[in-house]
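Reader: I would like to go through this model step by step. Please define each term when it first comes up.

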Amino acid sequence: MALLEVTNLGISFGGLQAVAGFDMTIEKGHLYGLIGPNGAGKTTAFNMLTGMYAPSEGNIRLDGVDITGKSPEFICKSGVARTFQNIRLFKAMTVLDNVKVGMHNRVEYNVWHGIFRDRVFREKEHDMNKKAMNLLKVFGLDERAEYAASQLPYGEQRKLEICRALASDPKLLLLDEPAAGMNPNETQELMETVRKVRDDFGIAILLIEHDMKFVMGICEDITVLEYGRIIAHGDAETVSNDPRVIAAYLGGDDD
Amino acid sequence: MANNKKMKKTTRSNLLMFGFVIVFWAVIQVVSLTGHMTSKLNGLLIPVCAYIIMAISLNLVVGFLGELSLGHAAFMSAGAFAGIFFYTTVGATLPKAAALVISFILGGAAAGLFGILVGVPVLRLSGDYLAIVTLASGEILKNVLSALYIGKDSTGIHFSLKDQFSLGLKPDGKMLIKGAMGIPGIQKFSNFTVGVILILITLAFIVNLKNSRAGRAITAIRDDEIAARATGLNLTHYKLLAFVSAAVFAGIAGVLYALNYSTLVADKFDYNLSINVLVMVVLGGMGNIFGGMIAAILLTILPEMLRGFSQYRMFIYSIVLIVMMLFNQAPALVAWRQRLVSKVKGEDRKAEEKVETADASYFEEMKSKSNEKTGNEESVKEEK
């Protein structure tokens, strides 16, 4: 059974059908790409998958469980984590605390343990600190653990956001333009990190990206959206040779 | 390793706060034991304690949750009325210590309930609704309590929202709450030590809450609601937790405050009081509990100290507010204060400098890295 099965997903805002007939199957441990021109509905699709928007039609199943239209909290708990196109960190909190918030539903203790600082609290916090530092180490952020998130340079903020998403121990990670605003070297480095995350954590990753080199370089399966509809689907070569995709990106004759 | 350092830092600043409260207590004890305490200052001790608790608890909502509450006095009022009503009725038949403890608990519980009542519908919304609703609910509670009459006679307890006579009390009856006149004949209890203990309890609760899983969730919601939801936090749950905890402590502060006077009237807990507490929190620095405590002390004592200036009182008060604000927030003054602190500390300064240079070298490294990447070497060469 596939990890994520999306069938005929669609949403309309008033009279505007932003996404329609969106189908997607995601298998464990694979890297997927979602591309398309600006305004094609990529982020909208992400927002439906993570519960930010309730779809008007269609069905999303994660590990066989229907999560269509559930709240973001529920979907995160079920194992879907995401990052945002415009970085959304907890800016005033430390790098370490950002990751620990990510673990919120994985390491639990109730309010009273925290107030009395008892053994449960100390053990769990110790546990969390250790896990969080290990996770930060993967991204080379462990030296920055005590910095406020807003003090980090842009590239590291992007990494921290991925790190926070991973802290929730997801089965599926959604990355919304992870390489946006990065220079070629940083993009290259990020590609390796993403691949490493997939291999080390054994999770599925779906990413939106405009950097074609990035997408073609690491994604095994690419879906192309235009005007809210899927126009092509397949591996990098199939997609990049598809006349409709070329037309969508470069503008083509409507023959 | 870095983590250990942080733990030390937060525990150190926490210990500083607890230490400050205990030193404050000790100084007052010494002053009053040696007979240097003026009656004016003595009368201010309990209000100071109550305001400190108010400022600490409001900081949880305004500083850590990032929601604006303009009705913190309402929770104080709810707590005061519930606690004092018990204290003057059932409490009179109990041993004093038991009566006091139960009054404080009841006061906190009543304020907490009122907090749930206000918070449940409002905290589901995001935006500035909380400010509007808390403001309104404070006024509503004040007016309802001002019109509340409760009396007791041989046939039982009667209550009315109209006037004293509609209670229809028998000749043996006794008024317990007299509308705008409030609860009369409170057996005064003003013990500074109890006030300080309550401050310490509040401080321990709120500081520990802040540094726990729930506290992280609360500050995460303040920083970014959308990201907080996507990270699996239940917004309403944590907003309510912060809001109701703050209400409970405001209720306890209300009982403490009311016990200092022989009558309790609802008019005392008006809009001005809420704003005063908010000013304390903002002046002390939102999210800075220690600063809030200092501001609470200064802003409670100051107006009394300025009484000698008669009509210039509020004028001087507002100047002091502005000076305090500048002292706390103006970048030049903040830098000056930090230099002063590091001079005093001496050894710590070296450590800080080390960190600073480490930071600087880090950022320089980052800069040169990104320069390399974007191919800025050419411009460097050109300069040469």
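Reader: Does A:Cys76 count as buried or exposed?

Author: Buried means under 20% relative accessible area, exposed over 50%, and partly exposed in between, with a 1.4 Å probe and protein chains only. A:Cys76 has 3% relative accessibility, so this residue counts as buried.

Reader: What kind of model is this, and how are residues and chains labelled?

Author: Residues are numbered from 1 along each chain as its sequence is written, chains are lettered from A and ligands numbered from 1 in the order in which they are written, and side-chain values use heavy atoms, with hydrogens and water left out. Local features need pLDDT of at least 70, side-chain atom pairs count only at pLDDT 80 or more, and totals for chains, interfaces and linings use all residues, as this is a predicted model.

Reader: How many disulfides does the structure hold?

Author: A disulfide is a pair of cysteine sulfur atoms within 2.5 Å. Over all chains, the number of disulfides is 0.

Reader: Which cysteine has the sulfur nearest to that of A:Cys76?

Author: A:Cys76 is in no disulfide. The nearest cysteine sulfur is 14 Å away and belongs to A:Cys163.

Reader: Which three residues supply more of the area that chain A buries against chain B than any other three?

Author: Buried area is the accessible area (1.4 Å probe) that two parts lose on being put together, summed over both. For chain A and chain B this comes to about 3600 Å², with 58% of it on carbon and sulfur atoms. On the chain A side, 17% of the area is supplied by A:Glu73, A:His104 and A:Ile115.

Reader: Which residue of chain B forms a salt bridge with A:Glu125?

Author: A salt bridge is a side-chain nitrogen of Lys or Arg within 4 Å of a carboxyl oxygen of Asp or Glu. The count between chain A and chain B is 4. In the one formed by A:Glu125, the closest N and O atoms are 3.0 Å apart, and the partner is B:Arg216.

Reader: How many helices and strands does chain B have?

Author: Helices (H or I, at least four residues) and strands (E, at least two) are DSSP runs, numbered from the N terminus. Chain B comes to 15 helices and 3 strands.

Reader: What share of chain B counts as buried?

Author: One buried residue there is B:Cys49, at 0% relative accessibility. Of the 384 residues of chain B, the buried share is 45%.
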